[in-house]
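Subject: Handing over the structure

Hello,

I am passing the structure on to you, and I would be glad if you looked through it before reading my notes.

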Amino acid sequence: MINQMAKQLHLTRREFGQSWRACVPDWTSRYTDWCAPSTIQAYEATLIADDSRVDQFFDGNTAALTADEQNGLRLFRGRQTDCTDCHAGAELTLASFSGVGENQGRGGRANDPGFFRTGARPITDDAGLGGVDSFGNPFSRTVALNAGAANTVQGLFKTPGLRNVEFTGPYQHNGGQSTLEQVIDFYSRGGDFPGGGNLGPGIGNKNLSAADKASVVAFLKALSDDRVRYERAPFDHPELCVTVGQQTSSATTLLLDTSSPQFVLSAADRWAGVPAVGKAGSVAPLQTFDELLQGIGADGSRAHSLQDRCSIL
Ligand code: HEC
């Protein structure tokens, strides 16, 4: 079984064994719930989308980006936008390995690197990193170490990496922007709720021209890795089942979830199957979020119409 699981996860038996042993002292033990997070983490750590056209450009293939995309890259890295104040380095976020390592070395406000306020919503709507978990512990490491710093982390959110971002809309923590064009407009006008303090560096009226905004969007779209777009290894997968809304008995009546006494007031989920894809991937690309909004691909020209039955539940 270990070999099979390791194979499915594209890990060597040794890598898999290490992550398994890390959570189950007797590694012949049965798979347990509390073991799952570390094996899933080990699998996810293999999913690095580092072959986008932007990566190819940095690897020396100057033809990988169009002139417009290169202009977008220049703007993204420059003082006209300040995007890389927060979406820094190859990870496109300070809240990742490089940013965390570097900041911890430096000390100072090192404990929550990569968390910023962009003014997407008022702080009173959602304190973000300024919140506490259900045991009352602060989300913020800065506050855990120094309770007096609580006001400095209100309304801060984690800077996401931007690879494959054309597939991951809607954007921001509240899904408030539907398209990348809207995100750039949002930054260009200096956020929607800049008041209340804590606004991150580089957030201010940038007043980008329409042509510059379009170039930055073109650059963001060049951050997609075709292995992801076509679900090629290591981004292939077994059959997956996803929820696609709720079950109804008529246009106005929801069916209740009877699967557990815990959820008596919830509607029953409706499931769709995403069929298994082998290592060579699909012929049809995944639908981008823009295409979903425009209804492009509903004709089957994009992979996974979500019309398939889930056969494993
Ligand atoms: C002050 C730091 C900061 C700056 C400067 C910044 N960002 Fe962001 N960015 C963030 C944070 C934090 C979020 C998440 C906000 C949220 O969830 O509400 C984000 C979210 C995004 C998203 C949405 C990603 C998603 O999956 O939801 C995109 C796209 C994006 N930024 C692109 C840019 C671009 C392009 C620029 C430059 C014009 C830029 N950012 C400048 C910190 C920053």
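Below is what was found, beginning with the whole chain and then moving to particular parts.

This is a predicted model, in which local features need pLDDT of at least 70 and side-chain atom pairs count only at pLDDT 80 or more, while totals for chains, interfaces and linings use all residues. Residues are numbered from 1 along each chain as its sequence is written.

The secondary structure of the chain comes to eleven helices and six strands, where helices (H or I, at least four residues) and strands (E, at least two) are DSSP runs numbered from the N terminus. Of the 313 residues in the chain, 22% are buried; a residue is called buried if 20 or more other C-beta atoms lie within 10 Å of its own, exposed if 12 or fewer, and partly exposed in between, with C-beta atoms placed from the backbone.

Helix α5 covers residues 67-77, and its buried residues are E69, G72, L73, L75 and F76. Seen down the axis of α5, these fall within an arc of 165° (taken from the directions from the helix axis to the C-beta atoms), so they line one face of the helix. They pack against α4 (53-58) and α9 (210-221).

The largest nonpolar core has 18 residues, and those with the most contacts inside it are F76, I184, V216, F219 and L220; such a core is a set of buried Ala, Val, Leu, Ile, Met, Phe, Trp, Tyr and Cys residues joined through C-beta atoms within 7 Å. Helices α5, α8 and α9 each supply at least two residues of this core. Leaving aside neighbours within four places in sequence, I184 is in contact (C-beta atoms, placed from the backbone, within 7 Å) with K213, V216 and V217. A second, separate core of eleven residues includes C86, L94, V143 and V153.

Which residues are closest to the ligand? They are C83, C86, H173, G200 and G202, among the 29 residues that surround the ligand, each having its C-beta atom, placed from the backbone, within 6 Å of it. The largest share of this shell, four residues, comes from α8, which spans 180-188.

Finally, G297 lies in the segment after α11 (289-294), and G297 counts as partly exposed because it has 18 C-beta neighbours inside 10 Å. Although G297 and P285 are twelve residues apart in sequence, their C-alpha atoms are 9.4 Å apart in space.

Best wishes

Key: Contact = placed C-beta atoms within 7 Å.
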